[in-house]
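Hello,

Here is the structure we talked about. Please have a look, then read my notes below.

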Amino acid sequence: MGRTSCLNQAESWTSTAVVCWIKRVCWARLGGGTDQPVVVPAYGHETENSGHYPIVISTWPFVEAVRAAWAAVDGGSSAVDAVVEGCSACEELRCDGTVGPGGSPDENGETTIDALVTMEVGAVAAMRYVKDGIRAARLVMEHTGHTLLVGERASAFAISMGLPGPANLSSSESMEKWTNWKNNCCQPNFWKNVIPADGCGPYQPGDRGNTCSKDNWVGVIELKSTHVERHNHDTISMAVIDKVGHIAVGTSTNGATFKIPGRVGDGPIAGSSSYADNEVGACGATGDGDIMMRFLPCYQVVESMRLGMEPKLAAKDAISRIARKYPNFVGAVFAINRRGEHAGACHGWTFQYSVLSVSAASEQDLWNGMLDDNRAKYGVSLERGPFDKRAADYLWMLIFGAISLLILIIKSIHIPVMAAIPPLGSPFMGPSLVFMIVYIWGREFPNARINLYGVVSLKGFYLPWAMLALDLIFGDPLMPDILGMVVGHLYYFLTVLHPLSGGKFILKTPLWVYP
């Protein structure tokens, strides 16, 4: 069946050490078939697109992990189930060698696991001998009153609850990497301002003396930021919104390569590597966890969205806060609100995140089909998108719009300036109600690409204004358009913007509207 990308695919892109670039990998499906990824570049510090749940979003192009989560949530599983399935698939596949067993050895050559899962919070850190990090985190969440278990005690807990172990989490690849690192005088590493006894420790506080060469010793004093990159310092962070609108997030990682034994990064820290709130949305992060966990960027993202920020601005704000204090840090976040709008922001490296949803395909096909000015189609898009399975809410929107327009039209008839300017005058309410729907559609799908008459291409947010301009050019009355925009904005403000900013939801659908 049909497939489509979230945006038009660019032919090529490059990255530099100065400018941060983001690529988004999008899947969208109509009917059956195999979902195929499309890599989409977005230039600058952030990227954004809109969609609707069920939806799966993850750091990096971890294709099989996203598909595993999608298979679960599309089959009716909960958001938590889907997150666990997705992250578990990444652990089994050892995504990039930075998730699951067999990668990222510490200074002793051992691989340990950090993981976290919410709707409530359960996490494990520096867990040895057990490869199923995300499942161990879920056991902590569901069977204890604690949030985080660490080290060998976390391993003992996981094994006692039925997970396989104890097992050696190292692999031939991780041991070869560790051996080469040892032969290079244990460079680079995470120590600073120390004196190594023989090049690889033990270390003592100090600033001189080393048995390795001076060039190698520089790395002992201070770890260079270039050491932090995707293939040695990465996390899968995943968010899922299920069919009933519940949101869950999870992370899994084997931490930084050649970390000091006992180190715990941001992976198992709620609010840093990931965070979710059913009323607002979710966030996932990846990068230099030692820096990022000092700022709880994902908690910041979700709280910014709670105050009314769009995902794009919330993501960019969280990253900017860190970059102002640590300009050489490397990291990224994705943000998704409960309406399915998502965005990403990064600093210091090339970042990709992956998205899979059904609604993105049906909406895109509808957007591509809008080559004329058939405004009724936008109402169909709203019914199939944000008002899907919310028939009463959609009816209430129309009732509210009709009543508001009736009041405004009666008032406008008695305004002399309206009668004096023919293009503004119109006693009919139907066109205004349709234009209200167009305005609300533009706010719900602000980044949809619209092609009007095959001549003008623009984002959905600007569609009402473009139509207003066309009516002015063709001499059609402007008053219906203006009234529709006013009422549409009033409805959107009272039902979305005001509640998101912490205000009271005063326009709830009354019970008498429900069948």
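Val 264 sits in the loop between β11 (247-253) and β12 (274-277). Bear in mind that this is a predicted model. Val 264 is partly exposed, because its relative accessibility is 26%, and that class lies between under 20% for buried and over 50% for exposed. Beyond its neighbours within four places in sequence, Val 264 contacts Asp 114, Ala 125, Ala 126 and Met 293.

Why look at this residue? Val 264 belongs to a UniProt "binding site" annotation, from an unreviewed entry. That record also lists Arg 263, Gly 265, Asp 266, Thr 286, Gly 287, Asp 288 and Gly 289. The annotation may be inferred rather than shown by experiment.

Gly 289 is another residue in that record. Gly 289 is placed in helix α7 (residues 289-292). Gly 289 counts as buried, because its relative accessibility is 0%.

Now to a strand, β4 (residues 55-59). Are its residues buried or exposed? Five of the five are buried. Ile 55, Ile 57 and Thr 59 point one way from β4. Val 56 and Ser 58 point the other way. Both sets are buried.

β4 has these pairings. With strand β10 (residues 236-241), β4 pairs in the antiparallel sense over four bridges. With strand β16 (residues 350-357), β4 pairs in the antiparallel sense over five bridges. Val 56 stands opposite Val 240 in β10. Val 56 also stands opposite Leu 356 in β16.

Best wishes

Key. Residues numbered from 1 in each chain as written. Predicted model: local features only at pLDDT ≥ 70, side-chain atom pairs only at ≥ 80, totals over all residues. Heavy atoms only, no water. Helix = DSSP H or I, 4+ residues; strand = E, 2+ residues; numbered from the N terminus. Buried < 20%, exposed > 50% of the residue type's maximum accessible area, 1.4 Å probe, protein only. Contact = heavy atoms within 4.5 Å. Pairing = 2+ DSSP bridges.
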